[in-house]
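Dear colleague,

Please find below the structure that I am handing over to you, followed by a summary of what was found in it.

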Amino acid sequence: VLPVRVVRLGLIPWKEAVAVQLRYVKQLQEDSTAKDAILLCEHPPVYTLGKRLQEDPVQAAHLRALGAEYHKSSRGGQITFHGPGQLVGYPILHLRRFNPSIKGFVHSLEESVIRTVGHYGLVGEHSEHTGVWIGPNKIGAIGLQVSHGIVYHGFALNCNVDLTWFQRIIPCGIVGRGVTSIAAELDRQVTVDDVIPVFLEKFAEEFRCALIDEAVLPDK
C-alpha cells in the first residue's frame with residue numbers, strides 16, 4: 001500500500017494552483033523518496049484551454065467580461081470551466097507506481113469519481129469521451145499531463161457548481177452533450193466539503209493507497 005499525501009488548498013486561483021502543482025512535480029522528479037500527493041481545491045470562476053487549442057481573443061474577452069479568468073493550460077483536452085462548488089483534484093503521482101499506462105490511470109481516476117457519485121445513489125458511467133457521465137450529461141471532467149513519468153493536472157467533479165457557466169462554451173469540445181452536478185441530479189445541496197471525504201475513501205480504494213493529510217509545500 002503506497003502512501004499518498006492529501007493537501008487541501010481550499011479556494012485558490014487556478015494559476016496559483018498550477019504553481020503549487022509544479023512544486024510537487026519538481027519534488028517528485030528530484031527526490032526519489034518523496035511521497036506522491038493529491039491536491040484538493042476549488043477555483044474562482046475560470047475557463048481553461050487544453051494545450052492543443054489556440055486562444056480566441058474574442059471568446060477570451062467575452063468570458064472575462066462575465067467575471068471569469070481565461071487561461072491556456074498544459075493539460076490535454078479542450079475548453080472547460082472551473083468554479084466554486086466544483087471539487088478539483090490534482091493527483092501528482094509517479095505513473096509507474098500506480099498504473100503503467102496513462103489510459104489505465106485515466107480509467108482508475110474515472111472509476112474513483114464513479115464510485116463517489118454512486119455513494120449518492122447516482123449511476124456514473126465511462127464513455128468513449130473522457131470523463132464521467134450520467135446519461136448524456138458530464139458530471140466529471142478529466143485532463144492530464146505527464147512529465148518525466150509524473151502525472152499531474154487532474155479531475156473536476158461538479159458538486160453544486162453554478163451550471164450556467166458551462167452554457168457559454170462547448171464543454172470539452174463535445175457537441176450535443178450537457179453538463180450536470182450531484183446537486184442538480186438530487187435536487188438538493190451537496191457541497192464540496194460534503195464530497196471530499198467520500199471521494200478520498202473511493203480514491204484510496206481504487207488506487208490502493210494510504211492517505212496522509214499534510215500542509216502544502218512552501219514556495220522556496
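Two strands are said to pair if DSSP finds at least two bridges between them. In this predicted model, strand 3 (residues 46–49) and strand 4 (residues 69–72) are paired in the parallel sense, with 4 bridges. Within this pair, Leu49 is placed opposite Lys72 of strand 4. Between the two strands the chain passes through helix 2 (residues 57–65), and this β-α-β crossover is right-handed.

Helix 1 (residues 14–30) has 17 residues, which at 1.5 Å a residue should span 24 Å; the end C-alpha atoms are 25 Å apart, in agreement. Its buried residues are Trp14, Ala17, Val18, Val20, Gln21, Tyr24, Val25 and Leu28. Viewed down the helix axis, these buried residues fall within an arc of 160°, so they line one face of helix 1. Lys15 and Glu30, on the other side, are exposed.

The structure contains 7 salt bridges. One of them joins Arg8 and Asp213, with the closest N and O atoms 2.7 Å apart. This pair links distant parts of the chain, since Arg8 lies in strand 1 (residues 2–11) and Asp213 in strand 11 (residues 209–213), 205 residues apart. Within helix 1, Lys26 and Glu30 are 4 residues apart, about one turn of the helix, and form a salt bridge with closest N and O atoms at 3.2 Å.

Asp36 and Arg97 also meet in a salt bridge (2.7 Å, N to O). Asp36 is buried, at 1% relative accessible area, whereas Arg97 is partly exposed at 26%. Finally, a network of salt bridges links Arg115, Glu205 and Glu206.

With kind regards

Definitions and conventions. Residues are numbered from 1 along each chain as its sequence is written. This is a predicted model: local features need pLDDT of at least 70, side-chain atom pairs count only at pLDDT 80 or more; totals for chains, interfaces and linings use all residues. Side-chain values use heavy atoms; hydrogens and water are left out. A crossover is right-handed if, with the strands pointing away from the viewer, the path from the first strand over the helix to the second runs clockwise. The expected span of a helix is 1.5 Å times one less than its number of residues. Buried means under 20% relative accessible area, exposed over 50%, partly exposed in between (1.4 Å probe, protein chains only). The arc is that of the directions from the helix axis to the C-beta atoms. A salt bridge is a side-chain nitrogen of Lys or Arg within 4 Å of a carboxyl oxygen of Asp or Glu.
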